[in-house]
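Hi,

Here is the structure I promised to pass on. Have a look at it first, and then read my notes below.

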Amino acid sequence: ERAPFPRHKVCGDCLNPSVWPILESLGTASALLALDHAALHTVRFTSQNGREFEIPLPTGAERAVTRESFDAVMLQAALAAGVTLFSGSPLTAVQRQETGWSLATASASLTAKTLIAADGRNSTTCRLLGLARPVRPGQTGRVALQCHAPLDPSYQGTVALELLPHGYCGIAPVDATRMNLCLVSDAPQLASTKQEVHRRFQLPPDQPWHSLAPLDRPDLPPAPLPGFFLAGDAARVVEPFTGEGIYYALHSGQLAAGAAALYLTNAPAAASFYRQAHRQLYRHRLWVNRLARFAVTHRTFGSGLLALGRHCPALLRHLTTKIIPAQAPSSRP
């Protein structure tokens, strides 16, 4: 891990209901439900001209918890399972060898027969292997900003998606007193969009924000080299608008672990297994995420889609159920 825990990560803090079966299989669902969190009952859409409408969510399906708390539970589960953690030890070199991989960090030299890169959209592993180009100044495209602010009572129990002139804002309560504010904007208009959000929510001038760039990045093959598998955003970046990032990260991580286990048995089909499973993971849901990305990057289309949704609520209700199915966690504190 490049930085020690606890640490901040730009995240919408929402747990999609599809993630709960995975968390239950990992034995972490009960611990997560015992944390301070917010149950979300409604999704609210607001168009660029300020018109809004709401859609009820399945009971107990969508929840929000701070990423620091989520990471702490998952880290303890990993350590309990026997994982060796190299904390504050960024990867500095990785090379393919005849028998596997050699890696160097700031504090250790390691060898491995198989390797899973789960280090995010700006994957250091992929950059060191020449699979991804480093981001250059001026090439950031869209930028995401995120902070925790005092909870506005009007967002109690509600996850809100608000279109802005040059991006959008996502809001969700994370506990009884705080809400998550995520702001996505075209880089040239970031300062003005940030000022607009400060006025909208009456944030103090010194409100701390955390940034993430670039928000968009080309997909990479999920199994680009023998014995090497990419999980989560390292392979495919999804639009945060739909709040599915943790689900895709954990599910693809499980699939990558299965592929690595196959590879360690010298099974020749390990790479093809992972490619097919990875494709199947995204096949039936990614179209909604791509539609959301098109809607927020093409404002006229996005406003038109919301206007259509007001006149035909069943349309947006259908799209919402594709992202947030009626599936609540079975484990309860």
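Where does Asp-13 lie? Asp-13 lies in the segment before strand E1, which covers residues 14-15. Helices (H or I, at least four residues) and strands (E, at least two) are DSSP runs, numbered from the N terminus.

A word on the model before going on. This is a predicted model, where local features need pLDDT of at least 70 and side-chain atom pairs count only at pLDDT 80 or more, while totals for chains, interfaces and linings use all residues. Residues are numbered from 1 along each chain as its sequence is written, and side-chain values use heavy atoms, with hydrogens and water left out.

**Before E1**

Back to Asp-13. With 2% relative accessibility, Asp-13 counts as buried. Buried means under 20% relative accessible area, exposed means over 50%, and partly exposed is in between (1.4 Å probe, protein chains only). Phi of Asp-13 is near 65 degrees, a positive value in a residue other than glycine. Most residues other than glycine have a negative phi, and most peptide bonds are trans.

Pro-6 also sits in the segment before E1. The peptide bond that runs from Phe-5 to Pro-6 is cis, with omega near -5 degrees.

Leaving aside residues up to four places away in sequence, Arg-67 touches Lys-9, Cys-11, Asp-13 and Ile-246. Contact here means heavy atoms within 4.5 Å. Arg-67 is buried, at a relative accessible area of 16%.

**Helix H5 and what follows**

H5 runs over residues 190-201, and its twelve residues should span 16 Å at 1.5 Å a residue; the end C-alpha atoms are 16 Å apart, so that agrees. The expected span is 1.5 Å times one less than the number of residues in the helix.

Which residues of H5 are buried? They are Leu-190, Thr-193, Val-197, His-198 and Phe-201. Looking down the axis of H5, you find these buried residues within an arc of 145 degrees, so they line one face of the helix. The arc is that of the directions from the helix axis to the C-beta atoms. That buried side packs against strands E10 (142-150), E11 (158-164), E12 (167-173) and E13 (178-186). On the face turned away from it, Ala-191 and Arg-199 are exposed.

Just after H5 comes Gln-202, with a positive phi of about 55 degrees although it is not a glycine. Gln-202 is in the loop between H5 and strand E14, and counts as exposed at 72% relative accessibility. Pro-208 belongs to the loop between H5 and E14 (210-212) too. Pro-208 is exposed, with a relative accessible area of 54%. The C-alpha atoms of Pro-208 and Cys-147 are separated by 6.7 Å, though these residues are 61 residues apart along the chain.

**H8 against H9**

How do H8 (residues 286-297) and H9 (residues 299-311) pack, and at what angle? The angle is about 115 degrees, with the axes 5 Å apart. Axes are lines fitted to C-alpha atoms, for helices over the stretch in contact, and angles run from 0 to 180 degrees between N-to-C directions. H8 and H9 are therefore roughly perpendicular to each other; angles under 35 degrees count as roughly parallel, over 145 as roughly antiparallel, 65 to 115 as roughly perpendicular and the rest as oblique.

In H8, Leu-291, Phe-294, Ala-295, Val-296 and Thr-297 meet Arg-299, Phe-301, Gly-302 and Leu-305 of H9. The residues of this contact are six nonpolar, two polar and one charged. (Ala, Val, Leu, Ile, Met, Phe, Trp, Tyr, Cys and Pro count as nonpolar, Asp, Glu, Lys and Arg as charged, and the others, Gly among them, as polar.)

In H9, Arg-299, Gly-302, Leu-305, Leu-306 and Gly-309 are buried. They fall within an arc of 125 degrees seen down the axis of H9, so they line one face of the helix. Thr-300 and His-311 are exposed on the other side of H9.

Enjoy exploring!
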